[in-house]
Amino acid sequence: ESATLYIEDDAANLAELLGAAVAIQRHVIAYAPLPVMTTKIRIKDVHSNTPLQSDRGEEYRVTTRDGLQTISAAQPFSLTARHNELRQRGCGAFVIDLRQAERDSWSDIIGAFKASREIAGTTEFNYVMGLV
(Lines give C-alpha, C1' and ligand atoms only; values in the text may rest on other atoms or scores of the structure.)
Protein backbone atom coordinates (compact mmCIF):
# COMPACT_ATOMS: atom_id res chain seq x y z
CA GLU A 1 0.00 0.00 0.00
CA SER A 2 2.86 2.40 0.73
CA ALA A 3 6.63 2.67 0.91
CA THR A 4 9.06 5.11 2.51
CA LEU A 5 12.02 5.76 0.25
CA TYR A 6 15.47 5.49 1.76
CA ILE A 7 17.41 8.60 2.86
CA GLU A 8 20.60 7.30 1.22
CA ASP A 9 19.08 7.57 -2.28
CA ASP A 10 20.22 10.30 -4.63
CA ALA A 11 18.00 12.61 -6.72
CA ALA A 12 18.13 10.46 -9.87
CA ASN A 13 17.18 7.25 -8.06
CA LEU A 14 14.41 8.95 -6.07
CA ALA A 15 13.00 10.44 -9.29
CA GLU A 16 12.87 6.95 -10.83
CA LEU A 17 11.23 5.45 -7.76
CA LEU A 18 8.69 8.27 -7.49
CA GLY A 19 7.86 8.00 -11.19
CA ALA A 20 7.50 4.20 -11.24
CA ALA A 21 4.14 2.88 -12.38
CA VAL A 22 3.23 1.09 -9.15
CA ALA A 23 -0.02 1.51 -7.26
CA ILE A 24 1.41 2.48 -3.87
CA GLN A 25 1.79 5.75 -2.03
CA ARG A 26 5.44 6.81 -1.82
CA HIS A 27 6.74 8.68 1.23
CA VAL A 28 9.98 10.65 1.42
CA ILE A 29 11.72 11.59 4.64
CA ALA A 30 11.92 15.39 4.61
CA TYR A 31 13.69 15.85 7.95
CA ALA A 32 15.28 13.36 10.37
CA PRO A 33 18.33 12.58 12.44
CA LEU A 34 20.94 10.58 10.49
CA PRO A 35 21.45 7.34 12.42
CA VAL A 36 24.92 5.88 12.05
CA MET A 37 24.60 2.87 14.33
CA THR A 38 22.09 1.26 16.68
CA THR A 39 23.20 -1.45 19.07
CA LYS A 40 22.06 -3.41 22.11
CA ILE A 41 25.69 -3.79 23.15
CA ARG A 42 26.79 -0.89 25.34
CA ILE A 43 29.83 0.83 23.96
CA LYS A 44 32.31 1.57 26.74
CA ASP A 45 32.72 5.27 27.55
CA VAL A 46 29.91 6.30 25.14
CA HIS A 47 27.03 7.93 26.97
CA SER A 48 24.13 10.25 26.12
CA ASN A 49 25.60 13.07 28.21
CA THR A 50 29.09 12.85 26.66
CA PRO A 51 29.85 14.53 23.31
CA LEU A 52 31.23 12.13 20.71
CA GLN A 53 33.63 13.15 17.98
CA SER A 54 35.36 11.08 15.29
CA ASP A 55 39.04 11.33 14.51
CA ARG A 56 37.99 13.41 11.46
CA GLY A 57 36.18 15.95 13.64
CA GLU A 58 32.64 14.77 12.85
CA GLU A 59 30.25 15.22 15.76
CA TYR A 60 27.68 12.67 16.88
CA ARG A 61 24.79 12.46 19.33
CA VAL A 62 24.17 9.42 21.48
CA THR A 63 20.70 8.41 22.67
CA THR A 64 19.68 5.44 24.75
CA ARG A 65 16.12 4.17 24.68
CA ASP A 66 14.52 0.81 25.44
CA GLY A 67 17.93 -0.83 25.87
CA LEU A 68 19.20 0.40 22.50
CA GLN A 69 22.05 2.84 22.06
CA THR A 70 21.83 4.92 18.88
CA ILE A 71 24.62 7.08 17.51
CA SER A 72 23.43 9.75 15.07
CA ALA A 73 25.25 12.44 13.12
CA ALA A 74 24.93 15.81 14.89
CA GLN A 75 23.95 17.35 11.54
CA PRO A 76 20.36 16.29 10.69
CA PHE A 77 19.17 15.15 7.27
CA SER A 78 16.81 17.54 5.46
CA LEU A 79 15.13 17.68 2.09
CA THR A 80 12.81 20.51 3.14
CA ALA A 81 14.17 22.65 0.27
CA ARG A 82 13.11 19.87 -2.14
CA HIS A 83 9.48 19.64 -0.98
CA ASN A 84 7.90 21.09 -4.14
CA GLU A 85 10.32 19.27 -6.43
CA LEU A 86 9.61 15.89 -4.81
CA ARG A 87 5.85 16.49 -4.79
CA GLN A 88 5.98 17.23 -8.55
CA ARG A 89 7.91 13.99 -9.11
CA GLY A 90 5.12 12.00 -7.46
CA CYS A 91 5.77 11.96 -3.72
CA GLY A 92 2.45 11.39 -1.99
CA ALA A 93 3.51 12.05 1.60
CA PHE A 94 6.44 13.23 3.67
CA VAL A 95 7.88 12.18 7.01
CA ILE A 96 9.26 14.81 9.40
CA ASP A 97 11.02 13.14 12.33
CA LEU A 98 11.38 15.62 15.20
CA ARG A 99 12.60 13.12 17.86
CA GLN A 100 16.02 14.73 18.24
CA ALA A 101 15.07 18.30 17.33
CA GLU A 102 14.70 20.89 20.07
CA ARG A 103 11.01 21.60 20.69
CA ASP A 104 11.48 25.34 20.05
CA SER A 105 12.76 24.54 16.51
CA TRP A 106 9.76 22.43 15.46
CA SER A 107 7.79 25.32 13.97
CA ASP A 108 10.88 26.51 12.05
CA ILE A 109 11.39 23.01 10.60
CA ILE A 110 7.76 22.67 9.60
CA GLY A 111 7.75 26.22 8.22
CA ALA A 112 10.86 25.48 6.11
CA PHE A 113 9.16 22.36 4.77
CA LYS A 114 5.96 24.23 3.85
CA ALA A 115 7.98 27.00 2.16
CA SER A 116 10.31 24.49 0.43
CA ARG A 117 13.23 26.23 2.15
CA GLU A 118 16.63 24.90 3.24
CA ILE A 119 17.43 24.62 6.95
CA ALA A 120 20.87 25.87 7.95
CA GLY A 121 23.08 23.25 9.59
CA THR A 122 21.47 20.27 7.85
CA THR A 123 22.62 17.97 5.06
CA GLU A 124 20.93 16.58 1.97
CA PHE A 125 23.30 13.63 2.31
CA ASN A 126 23.47 11.79 -1.06
CA TYR A 127 20.58 13.65 -2.71
CA VAL A 128 22.78 16.06 -4.68
CA MET A 129 26.17 14.38 -4.16
CA GLY A 130 24.95 11.14 -5.74
CA LEU A 131 25.64 7.55 -4.87
CA VAL A 132 29.19 6.36 -5.19
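Two strands are taken as paired if DSSP finds at least two bridges between them. Strands (E, at least two residues) and helices (H or I, at least four residues) are DSSP runs, numbered from the N terminus. The structure is a predicted model, in which local features need pLDDT of at least 70 and side-chain atom pairs count only at pLDDT 80 or more, while totals for chains, interfaces and linings use all residues. Residues are numbered from 1 along each chain as its sequence is written, and side-chain values use heavy atoms, with hydrogens and water left out.

Strand S5 (residues 68-78) pairs with S2 in the antiparallel sense, over 7 bridges. In that pairing, threonine 38 has threonine 70 of S5 as its bridge partner. As a general point for reading such strands, side chains in a regular strand alternate between the two faces of the sheet.

Strand S5 also contains glutamine 69. Glutamine 69 counts as buried because its relative accessibility is 3%. Contact means heavy atoms within 4.5 Å. With residues up to four places away in sequence set aside, glutamine 69 touches Met37, Thr38, Thr39, Ile41, Arg42, Ile43, Val46, Val62, Thr63 and Thr64. Alanine 30 lies 39 residues from glutamine 69 along the chain, and the C-alpha atoms of the two are separated by 24 Å.

The nonpolar interior comes next. A nonpolar core is a set of buried Ala, Val, Leu, Ile, Met, Phe, Trp, Tyr and Cys residues joined through side-chain atoms within 4.5 Å. The largest such core has 18 residues, and Val28, Leu79, Leu86 and Phe94 touch the most other members. Two or more residues of this core come from each of helix H1 (11-19), S2 and S5, with S2 giving the most, at 5 residues. A second, separate core of 6 residues includes Tyr31, Ala101, Ile109 and Ala112.

Leaving aside neighbours within four places in sequence, phenylalanine 94 is in contact with Val28, Ala30, His83, Leu86, Arg87 and Phe113. Rings of Phe, Tyr and Trp (its six-membered ring) are paired if their centres lie within 6.5 Å; planes under 30 degrees apart count as stacked, over 60 as edge-to-face and the rest as tilted. The structure holds 1 aromatic pair. Phenylalanine 94 and phenylalanine 113 form this edge-to-face pair, at 5.1 Å centre to centre and 65° between the planes. Phenylalanine 94 belongs to S6 and phenylalanine 113 to helix H3 (residues 106-114), so the pair ties together parts that are 19 residues apart in sequence. Both phenylalanine 94 and phenylalanine 113 are buried.

Helix H3 has Ile109, Ala112 and Phe113 as buried residues. Seen down the axis of H3, the buried residues fall within an arc of 100°, so they line one face of the helix; the arc is that of the directions from the helix axis to the C-beta atoms. These buried residues pack against S2, helix H2 (83-88) and S6. The face turned away from the buried side of H3 carries the exposed residues Ser107, Asp108 and Lys114. After H3 comes serine 116, with a positive phi near 55°.

Finally, there are the charged contacts. A salt bridge is a side-chain nitrogen of Lys or Arg within 4 Å of a carboxyl oxygen of Asp or Glu, and by this rule the count comes to 6. Glutamate 85 forms one with arginine 82, where the closest N and O atoms are 3.2 Å apart, and another with arginine 89, at 3.6 Å. Glutamate 85 is partly exposed, with a relative accessible area of 24%, as is arginine 82 at 21% and arginine 89 at 35%. Arg82, Glu85, Arg89 and Glu124 are linked in a network of salt bridges. Arginine 56 and glutamate 58 also form a salt bridge, with the closest N and O atoms 3.3 Å apart. Arginine 56 is exposed, at 67% relative accessible area, whereas glutamate 58 is partly exposed, at 32%.

Definitions and conventions: Buried means under 20% relative accessible area, exposed over 50%, partly exposed in between (1.4 Å probe, protein chains only).
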